[in-house]
Amino acid sequence: GTDAHDMPPGQLSKLLGAAHLFVYDCNEEDMFAEAHVPGAQLIVYDQVTVDKLPEDKDATLVFYCYNPECPASHTAANSALGLGYTNVYYMVAGITGWQDAGLATEP
């Protein structure tokens with residue numbers, strides 16, 4: 001499909017550590033430094049380019065931002081789709097939903 005799909009925190013937590021999973025945090029740097037999904041990489045939501053994403057266009061990409069009201073992860077996911085990636089998700093719940101689900105964060 002041409003749309004990104006929601007990946008709930010519980011589903012994402014089960015996938016962490018998978019070889020073809022790439023998680024991207026679209027929050028501000030200070031927020032990322034405070035708490036992020038383990039293994040996530042910081043990315044600027046409106047600066048998603050091929051050189052910042054994996055070479056494998058079939059890799060699973062998950063973008064998230066702060067909470068369901070934050071549109072940054074949608075923008076980033078749509079950019080990835082536009083670049084030809086096929087397995088693109090956003091975690092609508094954001095980092096707040098991840099924490100509310102009782103899941104561990106880094107650092």
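This is a predicted model: local features need pLDDT of at least 70, side-chain atom pairs count only at pLDDT 80 or more; totals for chains, interfaces and linings use all residues.
Five strands come together in an open sheet with parallel pairing, and their order is S1-S5-S4-S2-S3. Strands S1 (5-6) and S3 (41-42) sit at the edges, each pairing on one side only.

Aromatic contacts come next. A pair of aromatic rings is described by the distance of the centres and the angle of the planes. One aromatic pair was found in the model. In this pair, Tyr24 and Phe63 have ring centres 5.2 Å apart and planes at 25 degrees, which is under the 30 degrees cut-off, so the pair is stacked. Because Tyr24 belongs to strand S2 (residues 21-25) and Phe63 to strand S4 (residues 60-64), the pair ties together parts that are 39 residues apart in sequence. Tyr24 is buried, with a relative accessibility of 1%, and Phe63 is likewise buried, at 0%. Another ring has a charged neighbour: Lys57 lies over the face of Tyr85, 5.4 Å from the ring centre.

Finally, the pocket. The largest pocket has a volume of about 160 Å³. Its lining consists of Cys26, Asn27, Glu28, Glu29, Met31, Leu42, Ile43, Val44, Tyr45 and Ala72. By residue class, this lining comprises seven nonpolar, one polar and two charged residues.

Technical notes: Residues are numbered from 1 along each chain as its sequence is written. Side-chain values use heavy atoms; hydrogens and water are left out. Rings of Phe, Tyr and Trp (its six-membered ring) pair if their centres lie within 6.5 Å; planes under 30 degrees apart count as stacked, over 60 as edge-to-face and the rest as tilted. Helices (H or I, at least four residues) and strands (E, at least two) are DSSP runs, numbered from the N terminus. Buried means under 20% relative accessible area, exposed over 50%, partly exposed in between (1.4 Å probe, protein chains only). A charge sits over a ring if NZ of Lys or CZ of Arg is within 6 Å of the ring centre and within 35 degrees of the ring normal. On a 1 Å grid over the protein atoms alone, a cavity is a set of points where a 1.4 Å probe fits but cannot get out, and a pocket is an open set with protein on both sides within 12 Å along at least five of seven lines; lining residues have an atom within 4 Å of a point. Grid points are joined across faces, edges and corners, and a volume is the space filled by probe spheres set on the points. Ala, Val, Leu, Ile, Met, Phe, Trp, Tyr, Cys and Pro count as nonpolar, Asp, Glu, Lys and Arg as charged, and the others, Gly among them, as polar. Two strands pair if DSSP finds at least two bridges between them.
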